[in-house]
Amino acid sequence: MTAWGAWLKPPRTLLLILSLVTLVSVSALGWFGWKLLDQERMVEAQRVQERLEQTADRLAATLRGTLAEAGERLGASAANAPDDGLLLTLQANTLTANPPNRLLYYPSPPPEPEAAPAVFAEAESLEFLQAQPQAAADEYRKLADSGNTAVRAGALVRLGRVLRRAGRDRESLTAYDRLAALRGVRVAGAPADLVARLAASELSGSRSEAHILRSDLLAGRWRLNRGQFQFYWQRASRLSGDAAELPADSVALSEAAWLVWQQRDDESNLRRQQTVWIGGRPYFLLWRGTPGRHFVLVARPDSILKPLIAGHGALYALTDAEGRVVAGRRSRAGRAAVRTAAESQLPWTLYVTGRPALSTAPVAAQQKFLVSAIVVMVLFLILGSYFIARAIRREMEVSRIQSDFVAAVSHEFRSPLTSIRQLSEILALGRAPSDERRQVYYETLVRESSRLQRLVEALLNFGRMEAQGRQFRFEEVDTRALVEHVVSEFEPQVVGLGRHIELHGTESRCAIQADPEAIAVALRNLVDNAVKYSPECPTVWVEWDVENEYVAIRVRDRGPGIAESERKAIFRKFVRGTAAAARNVKGSGLGLAMVQHIVAAHRGQIRLASQPGQGSTFTMLLPVTGKS
Ligand code: ADP
């Protein structure tokens, strides 16, 4: 039968089925666990998504409300200027900003007066055409005393100029000082005091003056247009000797005002809103008003969104139609709830993204518990199957040993029985050729029947011993006498084979407290084995002496020896070793088990020393003064 065939026969099939059942159960358990975890994860993801959707709805509604409210307040001109934005009013072709100092320059023309150039035509003709600076200066001085501030300003700036060109710096400075004191008038389109201060700084070369001028420009002290602002800023910066960056926010707001100004005539929709990008920054423009009068709120979308989302455990972002983020932060990882501009009626698309904080810790704990429970169950299953498999294997081993025993014993019975039957038939039919031959047959009959008897007795003895049924009768036994008696029983058999048993023992009498019959059985088994398993070597040795508290009886042979791995097993009942199998030696596997049993009943020990290939020595150690 092939190896696979053997596995399909009981009880191995049991092992196979058990392994399959275990495998299937473990796989099923693992699969269910995995599915359960997966479901758990899906439910959790769904919960997170729902929460995000709710947050997105809530936030969109709040944002809508905020914008509507801002629009209403703007329409009723009751709006406050935002922290980092502006409120612009467009009316009668002028633009006003609140707060005014956030704009560096304005798109609309200034409302301030300026003297007509014709007033200075005569004096300028003296200055430039007739090259009479002194006369021109006198003329300008006269005009500088005019009651009209605009004329005064125009005259003073020209006086300063003509005196400077004449090299009369001190007088020129005095003229500029007077001019700097004038407010609300313009010369050559620029505020008179600004013109005066720049000219005076240039004349005196004062850096500190230039610095102050620059900070006044930044503070929005004068209402300038973009070109004027840039001109004065550059001149003041050059004079001050260091370059300074213009604040990007103020520039962007000024540009936003300019954009608003461009649209001042568009009255098609007075309630509009826009997102514009200026210098890489987004600005939100909200328009309200009536024809001819517009209010515009300019704000960073971030400043609208931030107060609404404070304290939320999610990431928010607003994007414009082109997908650019105008406020908040957009995370591309994780789950997100999206509200498009059309859905939410907001000027932007709203993204709400989950944060790790949203994936809750209790779920992780639950998952951990589930995984541990499954692992424990799988372990139990595997352990259980292992123990069952071990039990089945033991059963298999026992049944194998028993069937080996039955085979061995029946063989033991069959051969003497066969020869007894054949010989008795010959004798009964009177077919023995001679008296001598008949005598040989009788002797063989005696030998074979006593072999049978010994076998039956061995079996019965062993059975009784195992069932604790044999009563040992202890008495003082002389070791030498016992050994010699047992060995003499073997003499005829051994001599017939051309072999002999050598005895060595101490001269002094060493007595043991023992059951002589039982010890004789044990010794017989050992001698029988030594003779059986070493047919190549003619001698077997039996020795005895005293070792400490024990009498040691040794049976030594030069047979095949016993491998280390077998030395324990051969003392178990029905176990037969490789020596028996290799030499096809008859036996039952009971001999050594019996020896061990008997020795143990005498409170002794059995010792085995063996060198494979060299021989074996079995030693029975029996207490010198053994008492039952
Ligand atoms: P049996 O001799 O009937 O097989 P035993 O219990 O007496 O049973 O011995 C068990 C096994 O121990 C033997 O089958 C044999 O393999 C091994 N054995 C016992 N005595 C010897 C020996 N003297 N030399 C080698 N092997 C031995």
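Trp233 is buried, at a relative accessible area of 7% (buried means under 20%, exposed over 50%, partly exposed in between, with a 1.4 Å probe and protein chains only). The structure is a predicted model, in which local features need pLDDT of at least 70, side-chain atom pairs count only at pLDDT 80 or more, and totals for chains, interfaces and linings use all residues. Residues are numbered from 1 along each chain as its sequence is written, and side-chain values use heavy atoms, with hydrogens and water left out.

Trp233 sits in helix H9, residues 226–240. Helices (H or I, at least four residues) and strands (E, at least two) are DSSP runs, numbered from the N terminus. Between Trp233 and Ser215 the sequence separation is 18 residues, and the C-alpha to C-alpha distance is 9.5 Å.

Two helices were compared with their expected span, taken as 1.5 Å times one less than the number of residues. H2 has 64 residues and should span 94 Å; its end C-alpha atoms are 93 Å apart, which agrees. After H2 comes Ser77, with a positive phi near 45 degrees. Helix H16 covers residues 516–533, and its 18 residues should span 26 Å. The end C-alpha atoms of H16 are 26 Å apart, in agreement. H16 is mostly covered, with 13 of its 18 residues buried. Asp515 caps the N-terminal end of H16, where a side-chain oxygen lies 3.1 Å from the backbone nitrogen of Glu517. A polar contact is a pair of N or O atoms within 3.5 Å; within protein, one must be able to donate a hydrogen and the other to accept it, and residues adjacent in sequence count only if both atoms are side-chain atoms.

The ligand is surrounded by 20 residues, and the closest are Asn529, Tyr533, Arg576, Ser588 and Leu592 (a heavy atom within 4 Å is required). The distance is 2.9 Å for Leu592, 3.0 Å for Gly577 and 3.3 Å for Gly591.

The second largest pocket has a volume of about 430 Å³. Of its 18 lining residues, Thr66, Ala70, Pro82, Leu297 and Ile304 are the closest to the centre. On a 1 Å grid over the protein atoms alone, a pocket is an open set of points where a 1.4 Å probe fits, with protein on both sides within 12 Å along at least five of seven lines; lining residues have an atom within 4 Å of a point. Points are joined across faces, edges and corners, and the volume is the space filled by probe spheres set on them. Helix H2 (12–75), strand E7 (293–299) and helix H11 (301–309) each supply at least two lining residues. H2 gives the most, with five. The lining holds eleven nonpolar, three polar and four charged residues (Ala, Val, Leu, Ile, Met, Phe, Trp, Tyr, Cys and Pro count as nonpolar, Asp, Glu, Lys and Arg as charged, the others, Gly among them, as polar).

Most residues other than glycine have a negative phi, and most peptide bonds are trans. Ala188 has a positive phi near 50 degrees. Ala188 lies in the loop between strands E3 (186–187) and E4 (190–191) and is exposed, at 77% relative accessible area. Arg603 has a positive phi of about 55 degrees. Its loop runs between helix H18 (591–601) and strand E17 (605–611). Arg603 is exposed, at 58%. A cis peptide bond joins Asn98 and Pro99, with omega about -5 degrees. Pro99 is in the loop between strand E2 (94–98) and helix H3 (121–129).
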